Amino acid sequence: MGTTARFPLVVHYCGNCSLPIEYCEYHPEHDKCKQWLEKNLPDEFEKILNVNDQLDEEGAEEKKRQKRGGKGVVKSRKKEEGPKVVNISRAPRGKKKSVTVVQGLSSFDIDLKVACKFFGTKFACGSSVTGDDEIVIQGDVKDELFDVIPEKWPAIDEDFIEDLGDQKR
Ligand SMILES: [Zn+2]
């Protein structure tokens, strides 16, 4: 049968206020009660201290939760997959020259190396993969790309190509 029930409990009475020690904290001379308890019933004193500590921690935890809740749901920092788009911009290179930066081809499942080679051949100029999803074409071919890209990859409609303009130096 139930071994968890430990009744009847031994009731300890406080030597200071003569109340059961559980009620000591309501006594005006609680401090004196604690002193008595610590001296005469150190085990019970420990227990009561521990209970109070736990309550404090729970209280603090509750406050934290409320504070967090007040801020609202924290948005995930994970970048959501937005609409696919190819970004084209022009960047200065040297005093007179410009290069064209193409970003976003990967989102259309296009092999950047293949695209890079294609651009190099098409425009007869240098072209290199410069990032995770970035190709730099040596030369200002931005306007041409709006025709060339949809022609080469029909999945990329001209509407999917965004002109970011000139990059600042
Ligand atoms: Zn007491």
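Biologist: What is the geometry of the zinc ion site, given its 4 donor atoms?

Modeller: In this predicted model, the protein donors are the SG atoms of Cys14, Cys17, Cys24 and Cys33, lying 2.2 to 2.3 Å from the zinc ion. The angles among the 4 donor atoms run from 98 to 114°. Four donors count as tetrahedral if all angles lie between 85 and 135 degrees, and the site of the zinc ion is therefore tetrahedral.

Biologist: How are the donor residues of the zinc ion spaced in sequence?

Modeller: Cys14 and Cys24 both belong to the segment before helix H1 (30-40), 10 residues apart. For the donor residues of the zinc ion, the spacing is C-x2-C-x6-C-x8-C.

Biologist: Is H3 parallel or oblique to H4?

Modeller: Helix H3 (residues 112-123) packs with helix H4 (residues 142-152) at an angle of about 125°, their axes being 12 Å apart. Because of that angle, H3 is to H4 oblique.

Biologist: How many nonpolar residues does the contact of H3 with H4 have?

Modeller: H3 contributes Phe118, Phe119, Lys122 and Phe123, while H4 contributes residues including Leu145, Val148 and Ile149. By class, the contact has 4 charged residues and no polar ones, and its nonpolar residues number 6.

Notes
Residues are numbered from 1 along each chain as its sequence is written. This is a predicted model: local features need pLDDT of at least 70, side-chain atom pairs count only at pLDDT 80 or more; totals for chains, interfaces and linings use all residues. Side-chain values use heavy atoms; hydrogens and water are left out. Axes are lines fitted to C-alpha atoms, for helices over the stretch in contact, and angles run from 0 to 180 degrees between N-to-C directions. Helices (H or I, at least four residues) and strands (E, at least two) are DSSP runs, numbered from the N terminus. Angles under 35 degrees count as roughly parallel, over 145 as roughly antiparallel, 65 to 115 as roughly perpendicular and the rest as oblique. Contact means heavy atoms within 4.5 Å. Ala, Val, Leu, Ile, Met, Phe, Trp, Tyr, Cys and Pro count as nonpolar, Asp, Glu, Lys and Arg as charged, and the others, Gly among them, as polar. Donors are N, O and S atoms within 2.8 Å of the metal (3.2 Å for Na, K and Ca); water is not among the atoms, so sites may look incomplete. Four donors count as tetrahedral if all angles lie between 85 and 135 degrees; four count as square planar and six as octahedral if opposite donors are over 155 degrees apart and all others between 65 and 115; anything else is irregular.
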